[in-house]
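The sequence and structure are shown first.

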Amino acid sequence: QRCEGCIAFARRLLEAVSSTTRRLVFSFGHGLLWIAVAYLVWGLVVRHRYINAFAATSVGDTALTVINRFGPPDNLESPLKYSRPEYCANAHPPCSDPYFVRLWYSLPFTPVVGGHVLIVDLDEQQRVINKGEMRSP
């Protein structure tokens, strides 16, 4: 009888542990699912905002207007015209673009399907002189 009590206790303990483990795994799975859903919603909202901001941006807009529409840029580029006027920031041939500052906005999820970047060029007076898109396969 004493052994049967130990076995029954061990079975109840094993059931409790496996039930707790199942609940833990289930909770962890739900947490991961919610994180994935939140990331997807965030990406779609940012993508929609960037596309609408890009459509609303036109030549002559101020830098403040652009940043209010888009938010902070993912990257800033300048041709370094005062330190080395003969070279662009990332290239070796002489600069041909007349921009003073280039704002880069990367659309979410594009590393999965190829890069897609929205670019806004500003002149020395911080006004939009050009806008464009860059895609990579």
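The entries below record what I looked up.

I noted that this is a predicted model, in which local features need pLDDT of at least 70, side-chain atom pairs count only at pLDDT 80 or more, and totals for chains, interfaces and linings use all residues. Residues are numbered from 1 along each chain as its sequence is written, and side-chain values use heavy atoms, with hydrogens and water left out.

Entry on Asp-61. I found Asp-61 in the loop between helix H1 (2-56) and helix H2 (63-70); helices are DSSP runs (H or I) of at least four residues and strands (E) of at least two, numbered from the N terminus. Asp-61 counts as buried because its relative accessibility is 15% (buried is under 20% relative accessible area, exposed over 50%, partly exposed in between, with a 1.4 Å probe and protein chains only). I saw its side chain reach the backbone nitrogen of Ser-58 at 2.9 Å. The side chains of Asp-61 and Arg-69 are joined by a polar contact of 2.7 Å (a pair of N or O atoms within 3.5 Å; within protein, one must be able to donate a hydrogen and the other to accept it, and residues adjacent in sequence count only if both atoms are side-chain atoms).

Entry on Gln-126. I located Gln-126 in the loop between strand E3 (116-122) and strand E4 (128-135). Gln-126 has a positive phi of about 60 degrees, although it is not a glycine. Its relative accessibility is 32%, so Gln-126 counts as partly exposed.

Entry on a charge and a ring. I found Lys-131 over the face of Phe-54, at 4.6 Å from the ring centre (NZ of Lys or CZ of Arg within 6 Å of the ring centre and within 35 degrees of the ring normal).
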